[in-house]
Amino acid sequence: DPAQQGGGARPRGILPCRKPAPEVIFNHMASPAAFQVPDARQMERALATSPNFAGSEPEKAKLKAELTLDMNRALRSAQKGPVERSPLYHLAYETITEIVRSIPGKVKSTRRMYSLQEYPFIPPLNDGASPAEEESHKSEVEARTAMLGEAEKEAEWKEKLLSKIGTDIWAPRLDTFSGMADECSKLTRLRKCAALSLRERFQPYLDRQDIDSIELGGSLLMYELDLSFLKPALDAAVAAGGGQARFEELFAFEDMDEREYVKTKLQGVMTLMESSPVGVLVVVHLGRPAPDEMDYEAAVLADYEAKVQAAAEAAASADVDPDATDEQSEDPLEPPNLLLAGVAERMKSLPSTQPLLELLQEVLEGAATSVEFVPHDVWLGSAEAFAEKARNDLTENKVFLLENFAAFPEELGEQRMMVAAETGTEDTGTAAKTLKYIRVPWARREAWAARAFAHLKPDMLVQDGFASACTALTTQCGYWLGHPSRYFGLQIEAEFVNFLDAIQLPFRSGKSAQSSREEDFAAVKSSATAAAKTDEGEGEEENESPRISAPLLIVLGGGGFSGPGGEEILMQKLELLIVLSRLARHETDGLIIHLGGELAVVILGLALDIPIGILGPFSLNPAMKLAVQETVLEMFRDGSALTLEVPLDVNCQEVRLAPKEEIEDPKDKKKPKGKEAAPTEPEPLQEMVVDLQGALRKRANEPIRIGMVEGEECYLKIDPEAARITMSVGEVPPPPPPPPPVQNVESQEGELAAAAGDAPTGSAPVEHNFSQEGGGVPPNFAVCDIGTMTMDLLQKTMSKSRGVLWNGALGRVEEERFQAGTRSFLAALTVRITGEEDEDTGAAVGDVPESASQNGSEGDGEEEEAEEEEEIEFEFSAVIGRDSRAILPRLGMTPGLISFVSSSGEGLMQVLRGEPLPGLMACVEAS
């Protein structure tokens, strides 16, 4: 210590000094507010407060409208991220860089192959090079030219170089890029979907204004009618050849249930009549027009110019006095109406909305003063006269059913056209045509809307169509001077509110989604506290209907992954699986997801590596396997509140590949004489029910690592007896206990005989495989439906759940023989809702059949009785998805029994997946 030594002694060594902090030049993480840059909301509020503009009131209003228009367009452009932020940008940059760096080496090796002298690569001159640099570059080029060999050899090596660059450089690197880009795109898409909470998916739409909050009286309204439920029938009509005769059958509605459903869709127009608007323009977007055979606008303009030129030549030849009055000359040619160019041709491939008029008149009888159908050539061809009738007439509650708006490329934002191909057909002499896709820019789209609605000028647009809101249509998302304000319709508002109320999510409008996860967990905690108080007899007055203490069951199936666009359908289903797993954050008693259909096959085969028979072509894509595994990890990322349930047994059918046709040798002209053998009938396809417990048990004995969560290893834990999968964090789960002893041979043979006796006619006898060796489904079989053990398991799980959310069939319901699983589920759901017992067996749905419970010895009866519990009270049932809704009446389920049946088709599914709905995001936000 220097103080103890005295005399000012200094310590040995060098005293440490503090390193000066570097000067901060620019903070990349700073917010725009730090640089005094206002955000979009600040600019919107500034415009809403009527800033001090110079000029008269009309000039101020016009300037304010123009500024608002410019700001909206700027915000729309800013929402498109730069190319550099794409997850594939750096991957593409590295691939191109690697290709470029490989070319000089390939040039050298190719020249050596032809015994040519190597010469250096000379980079091109930069712009603004000095004379000295130009002279140096010129001398280098001359020196390299002197190294060239014979012209014939030079031409040969260049041709060889081009072929080698394509096969040795471009092809392998682009194949690698394609695979990596596919993996990156799929994983980025799934992680982006998983990053959003349920509140962040719904909150942007809950903060929009609906028509209940505004005054509609005296206004001219546009109403978007949702007819998306007609899409399957429309696709079938188009596949059959189209034509207005087939299209008119779409609106026949002979089925009374379907007719009543259409009336409920039209009730949105009826609701508007209560506010006494001046008029309502009913707009429908249905179908997609066939590609244009030509550029109709160019053809109309060319025809008009030809007529003008012909009229000018005729006038010149007749020596018409240029000073002649209008009475003496013929009427001048009117310029063509380009708004109608090609509309009539496109309507030939689209259904007309005129057949809907009769049903609309029936619904609005007594409420509307008039209901008329308006074709395009009326509201666009005689726009001024129609606008006078619709807007300026003193009569209220007029309804105009406009023709199908899908006939306008500017409205859809796309145009398909058949154009002449570069190469034609020389044998027939006709020019071949190819399909050209044209994306219509917003400037052209908004200019079209400004001209189309220049006289009509609707005040408001009531958005009540989920299907049209999924795409950015011009009338719903465009900005032009005088564009209508957009508001939610009551049916869209009801879809959101009823769904959130059915599954008891605590989301309401007016709440920010920035701290959504913390608010979600706080809501779950408060609901759990309220439930605990209710169980103790407290808080009954505050909580009139507390949540039942039981897990929520989600039954998720579906298929179509092997057909056209199967990978995209599977990706959407995986996104939905991730989203529904987020309900575990709101379920204090756990969440159970039961998988069925082709989705269960995908999870078992690609995520658990269980032999599951024939999968679709998507299974050959390594990127899809990674996507499925990533989905399982994202599902369990939030903790142990989620349980995944897979089938115990599956009904499989044999798949036979078509035999290759034998190719006859043209040299072999000798053919054996005699009668040809009669064609033999193919043998019926075999079917079997495969028990998957052995395969699950074999997989459970091996550690299944799925990734890392917060620095800890995560493993899947499989219970083969209950076919349930959970997650274990930090440690490898122990292997399951040994299986119970197999039942005696006599009872097993009796069950096999009974099962064979119940086999459907016209098919091979059903073979039951009770093997527990882990073989899974044979490679030449495909899973078509769930088995009886899985049906019993699902019924038991349903009896212990407080509610059911269903999407997707559990088997191939297109074939009646494979509808058993879905029918059994819907029948059990009906009994669960009504509380009635099964008439055939007299047992409640939740009871476990004897065949499923006799896996142990007789001494296990006491344990089974101890495990029996009372059936949980059923709270709600919900069905989402267009196909699932269509299955209900087809398989004998009454939709009226379900608490919530989605009527939005793809709309609600897109909201759940986290994809924005442009038509809803353009609606006015609630203040």
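Reply: A disulfide is counted where a pair of cysteine sulfur atoms lies within 2.5 Å. Searching the whole of this predicted model gives 0 disulfides. Among the cysteines, Cys193 is buried (under 20% relative accessible area; exposed is over 50%, partly exposed in between, with a 1.4 Å probe and protein chains only), since its relative accessible area is 4%. Cys470, at 15%, counts as buried too.

Residues are numbered from 1 along each chain as its sequence is written, and side-chain values use heavy atoms, without hydrogens and water. Local features need pLDDT of at least 70 and side-chain atom pairs count only at pLDDT 80 or more, while totals for chains, interfaces and linings use all residues.

The charged contacts come next. With a salt bridge taken as a side-chain nitrogen of Lys or Arg within 4 Å of a carboxyl oxygen of Asp or Glu, the structure has 41 salt bridges.

One of them joins the side chains of Lys433 and Glu293, at 3.9 Å from N to O. Lys433 belongs to strand E6 (residues 433-439), whereas Glu293 sits in the loop between E2 and helix H11 (296-317), so this pair connects distant parts of the chain, 140 residues apart. (Helices, H or I with at least four residues, and strands, E with at least two, are DSSP runs numbered from the N terminus.) Both partners are partly exposed: Lys433 has a relative accessible area of 47%, and Glu293 one of 46%.

A second salt bridge brings together Glu575 and Arg913, at 3.8 Å from N to O. Because Glu575 lies in helix H22 (residues 566-581) and Arg913 in the loop between helix H32 (906-912) and helix H33 (918-921), the pair ties together parts 338 residues apart in sequence.

Arg656 is partly exposed, with 37% relative accessible area, whereas Glu654 is buried, with 14%. Beyond such pairs, salt bridges with shared partners connect Arg189, Glu568, Glu575, Glu906, Arg913 and Glu915 in one network.

Ser276 is not a glycine, yet its phi is positive, near 55°. Ser276 occupies the loop between helix H10 (256-273) and strand E2 (279-284), and its relative accessibility of 27% makes it partly exposed. Ala723, likewise not a glycine, has a positive phi of about 55°. Ala723 is in the loop between strand E15 (712-719) and strand E16 (724-729), but with a relative accessible area of 1% it is buried.
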